[in-house]
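Biologist: I would like to learn how to read a model like this one, feature by feature. Please take each general idea before the case itself.

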Amino acid sequence: MRWMWIDRVTEFEPRTRIVTIKCVSLAEEHLHDHFAADDPALGDRPATPLMPGSLMIEGMAQSAGVLVGHAEQFRQKVVLAKINRAEIFADVTPGMTLRYTAVVDRLDAMGASTLGTVEAFNHATGETSPAKVAEIDLMFSFIDQNMSGMDFPAHNFVFSESFKTLLRMSGIEADF
Amino acid sequence: MTRDEIYSKVREILADTLSVDEEEIQPTSTLKGDLGAESIDYLDISFQLEKGFGFKIGQHELFPQGVAQDPKYVKDGKITPEGIDALTERLPHFDFSKFRQDPQLSKIHEIFTVNSIVNFVQAKIAAKG
């Protein structure tokens, strides 16, 4: 599925919290354009491609967006309005699994803000507990409530068929 | 909480939300013109005020919305005196005196000052008791 940056929803508490996972694979073409700066410590070993931070933010936006969208039964067009904070602490490379956790900070008729943590399981090292790799806090706007005077298409173009499939695949009811 | 204390906290919130230095923020600063706020920042400011001061802000309570769509309030690109009266009553935290002299809808954002937010917070805290 194009432009889906999460693979599965693993935990879900409506209006409160969502946990999703994303497996980072060398088969993802965009990775081949992103490398860390030269690291002399690596010697002759070729540099490993990196998951771009911007796509980690997108993964968090999709996770938190589902949580916020679900709160209004996907009737609102939930758009990412602002990245309140994004701090990335470590590189993410193919072979890792990312775990996104988003919690609702504020939710009202106009929009929502969420607090998020990204952790990585590094299967290459065999370490079983994940390491925190980022903190990403976002703000979402329900655009029909915030753009007075502007018209948007009536159908909900935010929550596409891909989201519906992902949610159903994860055992979450998605009738929109 | 004194007005000075409210002002200092509002200033902190605005500096953080709009990514500006606290020194740039004055009581008369306008959110859009002086501090560079964009439409979505207004929602963020509401959220941060709720969080910082511990009260709930209703939809359209802090910032007016939908004024431009009301033919009663707007004529030839200007807000009518009745419109300004209605807005003053609904949103007493704004100072409309300067706007009244040239009530062009395109200049409505000039009423969104730091002072107006401090007024709003002060009234909310007073109402809470």
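Biologist: How many Å should the 16 residues of helix 1 (residues 3–18) of chain B span at 1.5 Å a residue?

Modeller: First the ground rules: this is a predicted model, in which local features need pLDDT of at least 70, side-chain atom pairs count only at pLDDT 80 or more, and totals for chains, interfaces and linings use all residues. Residues are numbered from 1 along each chain as its sequence is written, while chains are lettered from A and ligands numbered from 1 in the order in which they are written. Helices (H or I, at least four residues) and strands (E, at least two) are DSSP runs, numbered from the N terminus. The expected span of a helix is 1.5 Å times one less than its number of residues. For helix 1 of chain B that gives 22 Å, and its end C-alpha atoms are 22 Å apart, which agrees. Just after this helix, S19(B) takes a positive phi of about 50 degrees.

Biologist: Which residues of helix 1 of chain B are buried?

Modeller: A residue is buried if 20 or more other C-beta atoms lie within 10 Å of its own, exposed if 12 or fewer, and partly exposed in between, with C-beta atoms placed from the backbone. In helix 1 of chain B the buried residues are I6(B), V10(B), R11(B), I13(B), L14(B) and T17(B). An α-helix has 3.6 residues a turn, so residues three or four places apart point the same way. The buried residues of helix 1 of chain B pack against helix 2 and helix 5 (114–128) of chain B. Contact is defined by C-beta atoms, placed from the backbone, that lie within 7 Å.

Biologist: What pattern does chain A follow along the sequence?

Modeller: Chain A has 3 helices and 6 strands, and reads β-β-α-β-β-β-β-α-α. Its helix 1 (residues 53–71) has 19 residues and reaches 27 Å from its first C-alpha to its last, close to the 27 Å expected. Of those 19 residues, 14 are buried, leaving helix 1 of chain A mostly covered. Just after helix 1 of chain A, Q73(A) takes a positive phi of about 55 degrees.

Biologist: In what order do the strands of chain A stand in the sheet?

Modeller: Two strands pair if DSSP finds at least two bridges between them. Here 6 strands form an open sheet in the order 1-2-4-5-6-3, with antiparallel pairing. Strand 1 (8–13) and strand 3 (78–88) of chain A each have a single partner strand, so one side of each is left without a neighbour in the sheet. Neighbouring strands are turned by 20 degrees against each other on average, direction ignored. Axes are lines fitted to C-alpha atoms, for helices over the stretch in contact, and angles run from 0 to 180 degrees between N-to-C directions.

Biologist: How many bridges join strand 3 of chain A to strand 6 of chain A?

Modeller: There are 9, and V79(A) stands opposite S141(A) in strand 6. Strands 5 and 6 of chain A pair over 8 bridges, with V118(A) opposite A134(A). Strand 2 (residues 17–23) and strand 4 (residues 96–107) of chain A pair over 7 bridges; there, I18(A) has A102(A) as its bridge partner. Strand 6 of chain A has 9 of its 12 residues buried, so it is largely enclosed by the rest of the structure. Helix 2 (residues 39–53) of chain B lies across strands 3, 4, 5 (111–122) and 6 (131–142) of chain A, at about 65 degrees to strand 3.

Biologist: Is V118(A) buried or exposed?

Modeller: V118(A), in strand 5 of chain A, has 29 C-beta neighbours inside 10 Å and so counts as buried. A27(A), in the loop between strand 2 and helix 1 of chain A, has 8 such neighbours and therefore counts as exposed.

Biologist: Which residues have the most contacts inside the largest nonpolar core?

Modeller: In soluble globular proteins, nonpolar side chains tend to be buried together. A nonpolar core is a set of buried Ala, Val, Leu, Ile, Met, Phe, Trp, Tyr and Cys residues joined through C-beta atoms within 7 Å. The largest one has 60 residues, and those with the most contacts inside it are M60(A), V92(A), V118(A) and V10(B). Helix 1 of chain A gives the most to this core, with 8 residues. Beyond four places in sequence, M60(A) touches residues including Y100(A), G116(A) and V118(A).

Note on methods
Contact = placed C-beta atoms within 7 Å.
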